[in-house]
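Let's take a friendly look at how a protein holds its ligands. Have the sequence and the 3D view ready as you read.

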Amino acid sequence: MERIYVFDTTLRDGEQVPGCQLNTIEKIQIAQALELLGVDIIEAGFPISSPGDFNSIIEISKAVTWPVICALTRAVEKDIEVAAEALKYAKRKRIHTGIGTSDFHIRHKFNSTREQIIERAVKAVTYARNFVDDVEFYAEDAGRTDNEYLAQVVQAVVNAGATVINIPDTTGYCFPDDYGAKINYLANNVNLKGTILATHCHQDLGMATANTISGVINGARQVEVTINGIGERAGNTSLEEVVMALKSHKDRGFDTNINTQHIYSTSRMVSSLMNMPVQPNKAIVGRNAFAHSSGIHQDGVLKNVETYEIIDPKDVGIDDNAIVLTARSGRAALNNHLERLGVKLDSFELDKVYQKFLELADQKKSINDDDILILVGKEGRLNRITIDFLQVVCGIGVRDVASIGLNIAGEHFEATATGNGPVDAAIRAVKNIIRREMKIQEFLIQAIDHGSDDIGKVHMQVEYNGNHYYGFSANTDIVAASVEAYIDAVNKFVDN
Ligand code: KIV
Ligand code: ZN
């Protein structure tokens with residue numbers, strides 16, 4: 001079998017999605033889950049871009065042992081120095097540097113020439129090699145770069161000491177046969193001297209997975225992916241799709257190190273921490289990915305699951321018979337679930353989460369993985385505005401009225417309002433206290449389970465001063481969850 005290296009960029013390209021920004025603790029949780037999943041390389045951030053990214057790379061480097069930790073830079077010396085500093089605690093480290101190579105980038109972004117771009121690329125790789133032995137080079141917009149010139153760039157950076165060459169289809173433009181041909185051309189026209197070619201595809205035309213697989217068939221040995229395919233615009237190639245495609249077609253001779261039974265829990269964790277719902281029909285990890293609803297399909301599956309199922313859901317960690325947690329479950333059972341989800345807590349943190357778990361278990365019959373991740377995520381946030389109380393009168397034949405008490409930086413405020421439904425009344429009451437021009441742009445309520453006692457997850461996007469702020473909450477009371485999500489969004493701009 002040919003080994004394919006999995007390079008996960010959820011914490012870098014994935015985290016560039018507006019509203020998906022994570023704090024350091026959340027990034028560490030995801031990095032540890034990625035380690036458990038078996039990814040080979042974790043791209044942990046773009047350290048020059050912010051002190052938050054820089055610190056996260058430091059902390060992830062300390063928290064993770066086995067995967068290579070990678071930091072992104074532009075082809076700029078200062079970026080490379082900062083990346084090297086951020087990686088100082090990583091047991092295995094890589095600098096990922098590069099520059100745009102398409103004529104669009106060369107002319108319009110850099111106002112430069114092809115020759116000067118090669119010079120800058122070589123300089124960046126040579127400089128990065130002073131700090132680390134493992135240097136990956138990306139040719140941004142390689143998807144739209146002419147193959148002959150791309151081969152010259154790649155040859156030059158290989159000669160300068162690059163160890164991995166990334167060929168991004170930055171704009172998600174390529175057709176699978178063109179992308180495959182590009183990789184093939186490089187494999188056959190560059191003296192790669194043992195360097196690995198990597199795929200990095202975007203989903204703008206819905207072809208990221210197909211392009212990645214085509215790249216692998218044509219000689220790429222590293223795939224750059226994100227959990228749930230999250231990423232800027234339409235997203236990146238999704239890890240779970242590529243890994244399961246290669247696993248389902250073992251006869252093609254490709255293998256990864258991914259422990260596929262951790263795919264589902266990692267997907268839930270990323271979705272939950274990044275406040276990014278997974279579409280129900282998403283391949284591999286969507287709620288309906290293994291649900292057979294038509295009579296003909298159900299009949300076939302009952303006779304033999306392989307009639308309509310090419311993947312055993314248990315292979316990706318979906319186990320309907322898995323032990324569920326209830327109010328009678330102890331700390332050890334909760335801890336066991338957390339560890340399975342890749343969350344490591346010390347005994348003090350576990351105590352706090354266990355208390356919250358017991359409160360939730362009082363309201364809800366059985367607690368699932370999403371509930372647990374939400375409980376963990378609720379820990380440790382320090383917000384300027386918190387809700388002291390919320391009382392709502394609603395129903396049929398009555399006027400919807402809400403009263404709310406808010407604590408703003410230690411001071412208590414109250415207001416009441418009527419509205420078109422309980423959520424509208426409650427939000428109006430909030431606005432009677434926080435008098436700013438805030439407008440809800442997106443409001444999504446999602447149930448996780450099937451029962452009427454389920455937790456409702458609310459995602460909200462609030463516009464203020466021309467900017468968009470994202471809020472999230474989860475509560476068995478959906479009116480409360482809606483107001484909490486609204487306040488979560490407001491907390492993101494209220495200090496400014
Ligand atoms: O899509 C892209 O080109 C990238 C590079 C910065 C690697 O994400
Ligand atoms: Zn990208």
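The zinc ion (ligand 2) is held by three protein donors: Asp13 (OD), His200 (NE2) and His202 (NE2), at 2.0 to 2.1 Å. Donors here are N, O and S atoms within 2.8 Å of the metal (3.2 Å for Na, K and Ca), and water is not among the atoms, so sites may look incomplete. This is a predicted model, where local features need pLDDT of at least 70, side-chain atom pairs count only at pLDDT 80 or more, and totals for chains, interfaces and linings use all residues. Residues are numbered from 1 along each chain as written, chains are lettered from A and ligands numbered from 1 in the order written, and side-chain values use heavy atoms, leaving out hydrogens and water.

**The zinc site**
- Along the chain, the zinc donors are spaced as D-x186-H-x1-H.
- His200 is buried, at 5% relative accessible area (buried means under 20%, exposed over 50%, partly exposed in between, with a 1.4 Å probe and protein chains only).
- His202 is buried too, with a relative accessibility of 5%.

**Around ligand 1**
- The residues surrounding ligand 1 (a heavy atom within 4 Å) include Tyr138, Glu140, Asn166 and Pro168.
- That shell divides into 2 nonpolar, 5 polar and 3 charged residues.

**Polar contacts of ligand 1**
- The side chain of Arg12 places an N or O atom 2.9 Å from an oxygen atom of ligand 1.
- For His202, the corresponding distance to an oxygen atom of ligand 1 is 3.0 Å.
- A polar side-chain atom of His200 sits 3.1 Å from an oxygen atom of ligand 1.

Key
Polar contact = N/O pair within 3.5 Å; in protein donor to acceptor, adjacent residues only side chain to side chain. Nonpolar A, V, L, I, M, F, W, Y, C, P; charged D, E, K, R; others polar.
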